[in-house]
Amino acid sequence: MEILIYGAVTSAIYAMLAVGFTLIFGVARILNLAHGSFYALGAYLAYVLTTLAGLPLWLAALLSIVIVAVFGVLVEKILIRPLRASQLGVLMISLATALVVEQALFLTFGSEYRNVPAFIETKYNLFGVDVAGQRLLTLAVATVSIGGLYGFIQFTRLGSAILAISQDPLAAKYMGIPSDRIFSLVMAISAGLAALAGVMAGPFLSVQPSMHLLPIVKAFAIVVVGGLGSIPGSIAAAFMLGYAETIVAYMVSSSWTEIVSVLATLLMLVFRPAGLFGKRAAF
Amino acid sequence: MKAFKGLDTLSSIGGLVALLFLGVLPTLFTGKYLVGVLTVAAIYGIWAVSWDFMSGLTGRENFGHSLFIGVGAYAAGFLNVHFGLGPWWSLPASMLVAMVFAVVLGFPTLRLKGPYFALAMLSSAVIMQRLMLIFWEYTGGEEGIHDITPLIVNPLHYYWFVLAVLGGITLLLSWMARSRWGLILRAIRGDEATCLAAGLPITTYKIMSLVISAAFAGLGGALYAHYQLQVSPQLFAVVTSITIITMVYVGGMGTIFGAVGGALLLTVMTEGLRNFGEWRLMVYSLLLIFILFFLPNGIIAPIWQKIRNLGRPS
Amino acid sequence: MTIASVKKKFKSMLGALLLCTGLLSSSVVLAQDKPVRIGVPTSVQLQVGRDTLTAVKMAVDEINKKGGVLGRKFEFVSADETENPETGISAIKKLTADEKVDLLIGGYTSGVTLAQLPHISAAKTIYLGVGAASPSITNKVKQDYDNYKYIFRVGPVNAAHQARGLVDFISKFVIGELGYKKIAIVGENAKWVQDLVPILSKGAKDVGADIRMTELFDTQTSDFSPLLAKVKSSGAEYMVVVLSHASSDVFAKQWHDAQVPVPYGGIDVKSMDGDFFNRIGGKSISQIAANFAVRAPITKKTVPFFDEFKKNSSNFPVYSAFFAYDAVFIYADAVKRAGSFETDKVIKELEKTKHEGVAGEITFDEQHDVQAGPGKVNFMFVQWQEKGERAVIYPKELRTGKFIMPPWMKK
């Protein structure tokens, strides 16, 4: 039973990260290795705004998400866009950006863990399992935000524009869709979602400068398994991976969990680069 | 006088002078500090050169080079500490182990396009790092294997040995890069489809270059193990791979000797920055961004080109 | 002018320049009043490291105020060894080869210290450890005296002693007073814990404990929910922890948030930090952590040290500080007795050390390892209580407060 609930929470966080990652790839063909940094920055900003600026939590969370979204847009515009011709170049520079952010956080805050306050401090008992309130809230928030995003893409005009660009950039341009502006928008959404994950998960997971690394590895794993560019694929894969990890943690030991995602990536890349639902292959 | 087939007089002299200079340098200073720094720089040079040979020429950037380094180093550690073999056995053993890994990993991953190959190799390195930690009972876990015996006790002599190895490998790989090998690898970088159409056994070449690259990386790893006298999972870290890639970028991708220059420059620079120890990685990353934007051809190679052209009429 | 001659000229100019620089930098001042340099390799980023440095500074200032030792003043320089053997080795190299220190005081992670040992030995520099607990470190002194005689451990008492201290706590308090026989042992997967847990398990069983589960988790773990759930379902009544590098903060928070119905305590280095309770919003309440000293008159020096330390830093000291402070004086006294700074002579005197330190009397066994026992350095178990107050719970003679249960388990 615990596996069911904890697995759901873990999967929810992964889903938030993966969806953002796959979105920017599907639309702009950018493999953004700095995505984990958005997650980290979300958590750290929440810490800073509440502890040092003394803001109430909900305001800090909101500001944090907005700031990171803006940061994401700037990174894309200034660092990534000029190198868009080379996928490898984008990879390198986003990785370098992630390292810079990590070092900046390290230099500012030191390597010790920081405490991000939680929205809900109480504990709930669900079907006989003790769960911290914050974790349940995270699950709820993830569901709402991803659901909202999906609805946005399917049912609004802007969403259709995004879909159009991801399917055929050239044609979309001919149709008068301003691709550059859409890229920025998508980047903002992607970064904001990651920051939201950071804000939600910060209270119960660790907040330290290198916290961006594992999420990006897992997000990449999920996206590869689910199929690059496919949102439903990412969600499905997020749950598969989240549960796989939780099961391994309970049955075997927590040490093996990291390998699960990385191994899944490797195997998928080797045997079925298009992923489970992917439209675009890695060839 | 053609010193070696494919290498012209100037380059040979340049390389020889540089080698002599590096060899003599530590003797000008008292204390063991500089020797230590230069030894590490030389080892990084070996790693950078081996990376450049494969990734620089074929354009398939390998983000998991640290894997070959790590398995070479751990092989040295195991043989030396757990099996009690003399340190000199590590050298061929580390190369062998790294080559095996290259073959096993190369087959499935080399089919993949640029970024995916890079990330597949990255994932492999991460998995290896994890495995080292999981099986801590055998590998010493986070603290690794320590108490490795040194190859040559005198630091200066060991430095000269490493320098000689570096020189030898650079020479060999430069020669290969300028031979038919290099031509084909560069052709693969240009357009694989055409190569296939021309009937070239691309897969073989790709795997062979990865194997050669891995062999020397592993050798470097063993040399490192016998210098540090310990190995730890840190060797597999992404940071190691990125550091090496930065060095090659600084030196000039695909030039082979540029990688050596980049390694030396960056290692010395890092030690100089030691007082700002925590800033080191920051500087590295910023440097990488800077180079990606403004100096995609690196620093060392273009400078060398300019020096060469000094004597030529314009 | 051919290229060759241009290059030659350039090279010779460079060579000359380097020669000059080399000569200048190698001119060593041979004056008798050259200060004694102490190198401090430690984890500068952590509280353990910061407190080590503050303590060394305090000791150095005190010694210099009295005119130094044998006419020479003391000074110190630090190098960050982080928690990583690679960085640790460079730190040692930097201190011994570049900064040319006369003495090394520091250390925290046992794995890092073990990796540094051959390099310290090659540099023939005395090393006084103040933070690493693995017995393997001082075992080397026994295995290879000639090469490793430079190594001493001033503190903490090694993992084996710590295990025995923990067993005492379990037998006399957890079982003896609380009546809990079923325990779970949870620790991080680091060398010192790997050394400690077997001794702990055996000792605990011998005193009647029923060990329901033992698990060592990866130091990097950040989600302990599976682990905590396992502990709960194992039926354990008390959770004994052995933590140092792991995320104790997150562990405590998750234990508190899930309201795990199992009180916990044991060795938790991060919990020794004065601000541990506050920085996690008070969630470590009722946790018991072992400590070597608190602000109580364990020896004559304890209370003055604590107070003086608080003036120099914003918090009370953690364990490495006690030993770092003592280490400087131990060295100074050994030099005075030897009448010289010559390494081998000082080592002989160091071996005879009998020093009243902050946490107890410091003496070394034949392996240069600090001894434990009555009157010497010992464990005491301290509990976090309301408002961040700490009370010594065990040993009974030193008790300053009543044991409390976690808030959700109060009847």
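Predicted model: local features only at pLDDT ≥ 70, side-chain atom pairs only at ≥ 80, totals over all residues.
**View 1. Chain C as a whole.**
Chain C holds 14 helices and 14 strands (helices are DSSP runs of H or I with at least four residues, strands are E runs of at least two, and both are numbered from the N terminus). Its radius of gyration is 24 Å, close to the 22 Å that the globule rule gives for 411 residues, so chain C is as compact as a globular protein of that length. For that comparison, the radius is taken over C-alpha atoms, and the globule rule is 2.2 Å times the number of residues to the power 0.38. Along the principal axes, the C-alpha atoms of chain C fill a box of roughly 90 × 55 × 40 Å. Of the 411 residues, 63% count as buried (buried means under 20% relative accessible area, exposed over 50%, partly exposed in between, with a 1.4 Å probe and protein chains only). The mean positions of the 53 positive and 45 negative charges of chain C are 1 Å apart. Here Lys and Arg count as positive and Asp and Glu as negative, while His and the chain ends are not counted; each charge is placed at NZ of Lys, CZ of Arg, CG of Asp or CD of Glu.

Most residues other than glycine have a negative phi, and most peptide bonds are trans. S286(C) has phi near 80°, a positive value in a residue other than glycine. With a relative accessible area of 1%, S286(C) is buried. K100(C) also has a positive phi, near 50°, and sits in the loop between α3 (85–98) and β3 (103–106) of chain C. K100(C) is partly exposed, at a relative accessible area of 43%.

**View 2. Cis peptide bonds in chain C.**
G155(C) and P156(C) are joined by a cis peptide bond with omega about -10°. P156(C) belongs to the loop between β5 (151–153) and α7 (159–175) of chain C. The bond from Y394(C) to P395(C) is cis as well, with omega near 0°. Look for P395(C) in the segment after β14 (390–394).

**View 3. Nonpolar cores.**
In the largest nonpolar core, which has 189 residues, F68(B), L173(B) and L223(B) touch the most other members. Such a core is a set of buried Ala, Val, Leu, Ile, Met, Phe, Trp, Tyr and Cys residues joined through side-chain atoms within 4.5 Å. A second, separate core of 90 residues includes I105(C), V174(C), I211(C) and F306(C). Back in chain B, and leaving aside neighbours within four places in sequence, L173(B) is in contact with V49(B), S50(B), F53(B), I212(B), F216(B) and I256(B) (contact means heavy atoms within 4.5 Å).

**View 4. S209(B) in its helix.**
S209(B) is part of helix α10 (residues 202–228) of chain B. Is S209(B) buried or exposed? S209(B) is buried, with a relative accessible area of 0%. Apart from neighbours within four places in sequence, the contacts of S209(B) are F53(B), M54(B), T58(B), W181(B) and L185(B). For the setting, chain B has 14 helices and 2 strands, and 58% of its 314 residues count as buried.

**View 5. G54(A) in its loop.**
G54(A) falls in the loop between α2 (35–51) and α3 (57–80) of chain A. At 52% relative accessibility, G54(A) counts as exposed. Its C-alpha atom is separated by 27 Å from that of H35(A), 19 residues apart along the chain.

Methods: Residues numbered from 1 in each chain as written. Chains lettered and ligands numbered in written order. Heavy atoms only, no water.
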